[in-house]
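Here is a friendly note to read alongside the model. Please keep the picture open while you go through the points.

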Protein chains: 2
Amino acid sequence: MLNYSTSEENYIKTIFHLQVDNDTVTTNALAHELLTRPASVTDMMKKLKTKKLVQYQPYKGFRLNMEGKKVALSIIRRHRLWEFFLSEKLKFDWDEIHDVAEELEHVSSRKLVDKLDEFLGYPKFDPHGDPIPDVHGKMENFQRVSLSALPFNTLAEVCLVSNQSSGMLEVLRHKNIAIGTKLEVKKKFGFDNSLEIKIRQQAPVTISEQLAKNIFVKYGS
Amino acid sequence: MLNYSTSEENYIKTIFHLQVDNDTVTTNALAHELLTRPASVTDMMKKLKTKKLVQYQPYKGFRLNMEGKKVALSIIRRHRLWEFFLSEKLKFDWDEIHDVAEELEHVSSRKLVDKLDEFLGYPKFDPHGDPIPDVHGKMENFQRVSLSALPFNTLAEVCLVSNQSSGMLEVLRHKNIAIGTKLEVKKKFGFDNSLEIKIRQQAPVTISEQLAKNIFVKYGS
DNA sequence: ATATTTTTTTAGATTTGTCTAAATTTTAAT
DNA sequence: ATTAAAATTTAGACAAATCTAAAAAAATAT
Ligand SMILES: [Mn+2]
Ligand SMILES: [Mn+2]
Ligand SMILES: [Mn+2]
Ligand SMILES: [Mn+2]
């Protein structure tokens with residue numbers, strides 16, 4: 001895989017994210033996302049086309065091709081591994097890691113990334129719950145977050161309980177929650193950050209903030 | 001402290017290293033060191049002068065001023081902390097760390113560097129034995145390396161023994177070596193990498209490779 | 001179907017960092 | 001003191017990445 005400039009990488013990565021939702025990516029959308037001007041996007045699309053990373057016909061929008069997606073995944077891999085490092089090892093707060101990772105992701109030594117991955121224990125998800133691509137670009141196709149970070153009215157499945165104390169297990173059994181349980185969050189009470197959740201046919205249940213933080217769910221396509 | 005471009009930082013750092021030996025740094029020396037052309041150096045010196053980081057009069061060479069030195073030290077701090085990280089945590093070989101650190105040093109988040117420093121346990125020396133500047137730019141003014149990395153005929157002082165086993169201590173006592181002993185390496189036998197060392201008035205002694213690797217000495221201005 | 005608005009592209013300029021070739025200054029040699 | 005050589009600077013060009021303003025194309029509205 002060739003080396004690309006920081007600017008090229010930022011374009012490639014952002015196209016990747018945009019084309020998940022929108023089949024074909026528009027000049028304006030990309031310009032808006034990258035805080036740049038449509039004219040700059042057009043210039044870059046010409047360049048990425050000659051480098052055979054995107055399909056692009058003037059006025060018709062663009063998409064990454066196979067090679068483009070491979071490059072994008074390797075950038076996303078670096079970004080999320082660094083985010084994990086910053087959060088897990090350096091104890092950064094969640095809201096501080098993104099901007100730093102945005103710079104670190106452009107240090108492109110293959111060996112660095114793979115050794116970092118090993119050092120971190122091959123994590124599968126970054127601190128935001130987004131899946132981390134492995135060496136081959138493969139990753140889980142769902143998000144994994146704590147219940148307190150799950151968007152409302154989104155069906156999700158319990159996949160992990162971080163605190164395994166007997167007290168925790170007791171309250172889980174009482175509320176009818178176990179690995180594999182499908183649920184959604186209906187409401188949050190700002191007073192104590194407790195959540196009202198709904199499991200299939202059952203009546204709504206209330207969950208404390210502490211409990212919610214220790215229950216991890218997966219959701220998404 | 002302002003932010004500087006990668007290119008500016010590489011110039012600043014290299015001037016710092018060159019002006020240790022040479023009182024005033026020349027255009028050619030810097031161009032040679034940075035693998036660039038003298039004309040490019042002149043251009044950059046004009047810029048660094050307007051940014052008040054160097055003293056520079058055409059044809060007279062240049063030096064970093066106080067602010068320039070401060071910036072240089074913060075770049076060297078980042079460089080050496082990352083080298084330590086790569087070697088200590090990611091288990092890179094010594095000869096692979098420099099090029100990667102050359103890139104990582106330009107990620108300038110202050111918080112990142114300070115948290116990395118903390119994570120690493122505030123190391124005082126990088127894997128090459130070069131001192132690491134602290135948050136305030138202060139550092140030891142000597143090198144610390146294992147005896148096997150000490151240049152020939154350089155007076156040095158034993159300051160650390162990494163292996164404290166009784167066998168180790170026995171052989172050290174027998175050879176009259178202790179913390180504070182002043183010595184120099186005279187010769188290396190390629191066959192088994194053993195070293196001939198000289199302690200003050202005493203007759204020369206031979207030291208095995210294994211032993212040499214565990215004895216650390218300090219030397220330099 | 002035409003006119004209007006929005007989107008996208010082109011044309012031309014700018015900034016940063018680099019280069020080569022030529023001019024200038026300094027240093028060294030005769 | 002001249003002359004030759006070396007070091008440095010200037011002049012002018014170029015590539016990368018960006019911008020503004022104008023032109024062109026596509027989408028929308030009447
Ligand atoms: Mn992120
Ligand atoms: Mn980025
Ligand atoms: Mn560097
Ligand atoms: Mn080093």
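1. **Conventions.** This is a predicted model, in which local features need pLDDT of at least 70, side-chain atom pairs count only at pLDDT 80 or more, and totals for chains, interfaces and linings use all residues. Residues are numbered from 1 along each chain as its sequence is written, chains are lettered from A and ligands numbered from 1 in the order in which they are written, and side-chain values use heavy atoms, with hydrogens and water left out.

2. **The two chains.** Two copies of a chain are related by a rotation about an axis and a shift along it. Here, chain B is superposed on chain A by a rotation of 180° with 0.0 Å of shift along the axis, at an RMSD of 0.1 Å. That is the relation of a two-fold axis. To find the axis from chain B, look for Leu104(B): its C-alpha, at 3.7 Å, comes closest of the residues of that chain.

3. **Domains of chain A.** Chain A is divided into domain 1 (6–64) and domain 2 (145–218), with bounds that come from an automatic or database domain assignment. Their C-alpha centres lie 39 Å apart.

4. **DNA strand C.** Helices are DSSP runs (H or I, at least four residues), as are strands (E, at least two), numbered from the N terminus.

5. Polar side-chain atoms lie 2.8 Å from a phosphate oxygen of DNA strand C in Thr42(A) and 2.6 Å from one in Ser40(B). Tyr59(B) has a side-chain N or O atom 3.4 Å from a sugar or linking oxygen of DNA strand C.

6. **DNA strand D.** Phosphate oxygens of DNA strand D lie 2.8 Å from a polar side-chain atom of Thr42(B) and 2.5 Å from one of Tyr56(B).

7. **Manganese ion (ligand 2), chain A.** Its donors (N, O and S atoms within 2.8 Å of the metal, or 3.2 Å for Na, K and Ca) may look incomplete, because water is not among the atoms. Asn10(A) (OD1), Glu102(A) (O and OE), Glu105(A) (OE) and His106(A) (NE2) coordinate the ion at 2.1 to 2.5 Å. Asn10(A) in helix 1 and Glu105(A) in the loop between helix 5 and helix 6 (110–120) are 95 residues apart. Are these two buried or exposed? Both Asn10(A) and Glu105(A) are buried, where buried means under 20% relative accessible area, exposed over 50%, and partly exposed in between (1.4 Å probe, protein chains only).

8. **Manganese ion (ligand 1), chain A.** Glu83(A) (OE) and His98(A) (ND1) coordinate this ion at 2.3 to 2.8 Å. The pair links helix 4 (residues 66–88), where Glu83(A) sits, with helix 5 (residues 97–104), which holds His98(A), 15 residues apart. Glu83(A) is buried at 1% relative accessible area, whereas His98(A) is partly exposed at 36%.

9. **Manganese ion (ligand 4), chain B.** This ion is coordinated by Glu83(B) (OE), Asp126(B) (OD) and His128(B) (ND1), at 2.1 to 2.4 Å. Glu83(B) is in helix 4 (residues 66–88) and Asp126(B) is in the loop between helix 6 (110–120) and strand 3 (143–146), so the pair ties together parts 43 residues apart in sequence. Glu83(B) and Asp126(B) are buried.

10. **Met66(B).** This residue is in helix 4 of chain B and counts as exposed, at 65% relative accessibility. Its C-alpha is 22 Å from that of Leu34(B), 32 residues apart along the chain.

Notes: A polar contact is a pair of N or O atoms within 3.5 Å; within protein, one must be able to donate a hydrogen and the other to accept it, and residues adjacent in sequence count only if both atoms are side-chain atoms. Copies are superposed by least squares on the C-alpha atoms of residues with pLDDT of at least 70 in both.
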